[in-house]
Amino acid sequence: MGSLSSLMSISAGALSAHAAALEITGKNITNANTPGYVRRQALLETRLLGRNQSGGVVFNGPMRMTDRFAVARVLGESGQFGAAEGRLLGLFGLEATLAPAGEGGISGRMNAFFSSATALGNNPNDPTARSAFLARAEEMGQSFRTASQGLTQRRSDLHGQASDVAGEVSSRLAQVADLNEKIAQAQALDDGAPDLRDKRDLLVREIGDRMGVQAIEEDDGSLTLLSSGTSLVTKGHSSTVTVGLDAQGGLAIGVKRGTGSVSDITSRVDMGTLGGIRQARDIDVVALQTDLDQLAYDTANAVNTTHAAGFGLDGVTGRNLFAPPAAVAGAASGFQVDPAMVGQPDRVAASSSALELPGGNGNALALAALASQSLGGLGEPAARMGALAGKLGIFQTSAQGSVELRSDTLAMAETSREQASGVSIEEEMADLTKFQRAFEASMRVLKVADELYAGLVRDL
């Protein structure tokens, strides 16, 4: 009787264990395509009844099949990819601002301006030629202002995007801290809380995409998150990522803790979407704006110097054609015809000598000749504008190349992680069959033991 009772207990335990294993396997299969899901493995162990006596099998819970080194690599690569993609998107479409197709861009307007100077040289007394020259001058100035405004607007847009990303990161940090507490409580009760860990891992990955992050698991099951040299989450406490502007108009990125103290991490933010936005906004676009301002400054000064050397129809000399820029910074945004020249074609200094008035075209030809002269010692106008457009192309090509490279390295890291954590339908179906057969075998053993037990009872 005792042996039969033991046999029934063993088979009943086996039924329970293999039923749990079947449930785990079914969950793996149904969640094969669930984002962030980590494959579970049923822990089946031998249960001992006594010394050197095997007591069948017992289900000891599910185990998440994860490789922390593979996960860390994915986090690192996702941060790199996020930075490359953020930079590329920040630069996308700027060619329409600096070098639009057709004659409406800076290059086209500069060519039209110098061509109008040539036309003025051919007809220095023609009011129409003089008016056209002033109109082309204003159009060239407008093209510089439009380009400058476009770059300024892009920086403003990227500031807004950076603020949005910081908000998304902060929200997820708070969720990770909340999950830390729940997982620590579950672990204290010997519950691995695999579903909570999956959710937390997915949040950490999303944070890494946006900012770049390192995750360290503590003994109590909580995660400590680090980024840019500072702590973002510790146990149940999370920080807030803030984005503002510094005195120079650059992004000011900080981490605000629960105590209210803020750490400036701007110079260390180079990962994730936030790092890519910062690169595009405060390095790439600033470089383009600086070159544009320098070109505007040199163009305005060169034209003004030449124009001031000539004489208007009224015999007056020393007039500027453009409003003199006070400094290189902001020269493009302030590029415009001098107010004293607006609507005054007779003041256009086409003649190089008062003795040649009302004729004389020497100064008009000198203005036209600027098209083939080095401005500020940095190259001819067309070459300077070409170099500016070329710099944008270099930035975009570099960003695109980084996106492609990081896409490949991220895919490799994810493949490595999937080998440890991903669900293989073929393997799970094989396990399903294996556990099903074990379950059926345990059921047969229990049935036989029950029949034997029943027969013994009848014989008593």
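At roughly what angle do the axes of helix H4 (residues 106-122) and helix H8 (residues 362-369) cross? This is a predicted model, and in it the two axes come within 8 Å and cross at roughly 160°. Because angles over 145 degrees count as roughly antiparallel, H4 is roughly antiparallel to H8. The crossing of H4 and H8 is left-handed.

With both helices still selected, show the side chains on the facing sides. From H4, the residues that meet H8 are Phe114, Ala117, Thr118, Leu120 and Gly121, and their counterparts in H8 are Ala364, Leu365, Leu367 and Ala368. Sorted by class, this contact has 7 nonpolar and 2 polar residues, with no charged residues.

Next, select the loop between helix H7 (272-308) and H8, where Pro358 is found. The peptide bond that leads from Leu357 to Pro358 is cis, and its omega is near 5°.

H4 and H5 pack at an angle of about 165°, and their axes are 9 Å apart, which makes H4 roughly antiparallel to H5. As H4 passes H5, the crossing is left-handed. On the H4 side, the residues that meet H5 include Arg109, Met110, Phe113 and Leu120, while on the H5 side those that meet H4 include Arg130, Phe133, Arg136, Glu139, Met140 and Phe144. By class, the contact of H4 with H5 has 14 nonpolar, 2 polar and 4 charged residues.

How far apart are the end C-alpha atoms of H5? They are 91 Å apart, which agrees with the 92 Å that the 62 residues of H5 should span at 1.5 Å a residue. After H5 comes Asp190, which is placed in the loop between H5 and helix H6 (194-211). Asp190 has a positive phi of about 65°, although this residue is not a glycine.

For the last stop, select helix H2 (residues 68-91) together with helix H9 (residues 381-421). Their axes come within 8 Å and cross at roughly 160°, so H2 is roughly antiparallel to H9. H2 passes H9 in a left-handed crossing, and by class the contact between H2 and H9 has 13 nonpolar, 9 polar and 7 charged residues. Colouring the two helices by residue class will let you set this contact beside that of H4 with H8, which has no charged residues.

Conventions:
Residues numbered from 1 in each chain as written. Predicted model: local features only at pLDDT ≥ 70, side-chain atom pairs only at ≥ 80, totals over all residues. Heavy atoms only, no water. Axes fitted to C-alpha atoms, helices over the stretch in contact; angles between N-to-C directions. Helix = DSSP H or I, 4+ residues; strand = E, 2+ residues; numbered from the N terminus. Parallel < 35°, antiparallel > 145°, perpendicular 65-115°, else oblique. Left-handed = near helix turned anticlockwise from the far one by under 90°. Contact = heavy atoms within 4.5 Å. Nonpolar A, V, L, I, M, F, W, Y, C, P; charged D, E, K, R; others polar. Expected span 1.5 Å × (residues − 1).
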